[in-house]
2 protein chains.
Amino acid sequence: MTTANQLSESTAGTADNGSSAQRDRRKRILDATYALAKEGGFDAVQMRAVAEKAEVALGTLYRYFPSKIHLLVSALDQQFVEAAQRLNAREIPGDTSADRVLYVLKRLTRGMQGDPKLTEALTRAFMFADSSVSEGIHSVGMSMTAIVTHAMHGGPVDESTITDEQIAIARVIGDVWLSALVGWVTGRSKAEETAAHMDTAVHLILRD
Amino acid sequence: MTTANQLSESTAGTADNGSSAQRDRRKRILDATYALAKEGGFDAVQMRAVAEKAEVALGTLYRYFPSKIHLLVSALDQQFVEAAQRLNAREIPGDTSADRVLYVLKRLTRGMQGDPKLTEALTRAFMFADSSVSEGIHSVGMSMTAIVTHAMHGGPVDESTITDEQIAIARVIGDVWLSALVGWVTGRSKAEETAAHMDTAVHLILRD
DNA sequence: ACACGAATTGGAACGTGTTTCTATCACGCG
DNA sequence: CGCGTGATAGAAACACGTTCCAATTCGTGT
C-alpha cells in the first residue's frame, strides 16, 4: 500500500500533492468551519469538532490556523472577498449614491441574516479579534470599503478616481454597518430596526 | 484583631450588614475587577483572581455576576454612567453641535486611552457580549446616547425636546465612536487616526 | 531505492471559565 | 434560645481552547 501510494505519487501524484494536498486540507477545514458555524454558531465551532469533521489532527488544524479566532476571521474574510467580487463585477442599481450604498448594504445584510448562526459566529470572532489577527481584519476592512466605494460610484471604478474623502466616508459607513450587524447578532435590535438604522445613517452621510 | 472585628460588627455591624454587606461585596468585586483589568487587561481578569482579590468565594462571585462578560460589562456600564453624570451636569464648550460632540467624544476617548489595559478589557467584553447581557449593553447604549444628545444641545436638556431624529443621529455617532474605539483597542489604528476618523464622521453627520 | 527533513497524526496535558456539591455562617422568627 | 432558610466558603469536577510530544507518513534531493 505504501509502495502503491508512492508509485501513484511519482506519476500523477506529484501534481496534486505537495501544496495541493495542503490547499485541500485548508479547504476541508474551512468547509467544516462553515458547516459547524451554520448549525450552532460560535460555540459550536469547537476546534476538536472542526478537526474531526475536516479529518485532520488537532495539531494540524492549529498549524493552519493558529487560533479559533484566526480560523473564523479567515472564514469571514473569504466570504467578504467573494461578496466583493460578486458585487463589484456589475452595475449597482439606484439613482443616488445613497440609494446604491443602501442597496448593497441591505443585500449584504439580507445574505447574512439568512444564515444567522454563521453570521453570529463570524461576527463575534471579528469583534473579539486582537492585533494578532490584524491581517485578516485589515483584509475584511478593505473588502468592505471596496464594496461601499464601488456602490457610491455605481459601477466599476478606476481606483485612481477615488478620493481620500470618499474612502473616509466609506469607512464611516462600514463602521455603522458593522455596529448595526453586531446589534442584530447580539439580539439587541431586530432586522427591521437594523435596516432603518442603516437608512438613517446613510442618508445622513450621503446627501447628494 | 479578629475579636475586635467581631465586636465592631456586633455593635454598629448589624446596621451595615444585611444587604449592605452585599453592596460591599459587590463593590469589592468591581474594585478587584478594575485593578486586575488595569494591570493586565482582559486576560488578567480571571475569575479565580477576581474572587481572591475581592475576598469572596468563586461561587459567590458567580452569584453576583453570572459570567466574566457580565462582570466586565457591568464595570463598563458603571464607568459610562459616571461619565454621563459628569458630562451632563455642565455646559459643553463649542459653537456648533459638531464641535461640542467632538469635544465630549475626544474627552471620553482620552480618558479611556489613559488606561489602555482597562479599556481593552471592558471593550473586548462589550464586543463579545451576547443577548444574555442585553440589559448591560442597553444601559451602556443609553448612557452613550445621552452623552451625545446632551453635547448636541450644548447644555442640560429637557428630555421632551429631543426628537427621534436626534436620537437616531446620536446612535449613529455612537456607532462610529465604538468602531473607532475597537479599532484602537485591537491595535488596528493609532490614537491620532482614531481622532481623525471621528472628526470626519461627526463633520459628515452634523453639518450645521 | 534510500535518507533526511517537514508535515501529519493521535493523544495527553494544561489553563481558565463555568458548574456543582457540601459544610459553614448569618440573620430573622417563634 | 434554638431553628430554619438563604448566602457564603471551599474545593472538586467539567468543558473547551491551546500546547506539547512521540510516532508515523509524506515529499524531496541524492
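Me: At what angle do the axes of helix α9 and helix α10 of chain A cross?
Reply: This model is predicted. In chain A, helix α9 covers residues 164-185 and helix α10 covers residues 191-205. Their axes come within 10 Å and cross at roughly 165 degrees.

Me: Is α9(A) roughly parallel or roughly antiparallel to α10(A)?
Reply: The crossing angle is roughly 165 degrees. Angles over 145 degrees count as roughly antiparallel. Therefore α9(A) and α10(A) are roughly antiparallel.

Me: How many charged residues does the contact of α9(A) with α10(A) have?
Reply: From α9(A), the contact residues include A:I169, A:W177 and A:W184. From α10(A), they include A:H197, A:M198 and A:I205. By class, the contact has twelve nonpolar residues, three polar residues and no charged residues.

Me: Is the crossing of α9(A) past α10(A) left-handed or right-handed?
Reply: Handedness is judged by which way the near helix is turned from the far one. For α9(A) passing α10(A), the crossing is right-handed.

Me: Through which surface do the copies meet?
Reply: Of the interface residues of chain B, 96% are also interface residues in chain A. So the copies meet through the same surface.

Me: What percentage of residues 46-65 of chain A is helix?
Reply: An unreviewed UniProt entry places the feature "DNA-binding region" here. The end C-alpha atoms of this stretch are 13 Å apart.

Terms used
Residues are numbered from 1 along each chain as its sequence is written. Chains are lettered from A and ligands numbered from 1 in the order in which they are written. This is a predicted model: local features need pLDDT of at least 70, side-chain atom pairs count only at pLDDT 80 or more; totals for chains, interfaces and linings use all residues. Two residues are in contact if their C-beta atoms, placed from the backbone, lie within 7 Å. UniProt positions are given in the numbering used here, feature names are shortened, and annotations may be inferred rather than shown by experiment. Helices (H or I, at least four residues) and strands (E, at least two) are DSSP runs, numbered from the N terminus. Axes are lines fitted to C-alpha atoms, for helices over the stretch in contact, and angles run from 0 to 180 degrees between N-to-C directions. Angles under 35 degrees count as roughly parallel, over 145 as roughly antiparallel, 65 to 115 as roughly perpendicular and the rest as oblique. Ala, Val, Leu, Ile, Met, Phe, Trp, Tyr, Cys and Pro count as nonpolar, Asp, Glu, Lys and Arg as charged, and the others, Gly among them, as polar.
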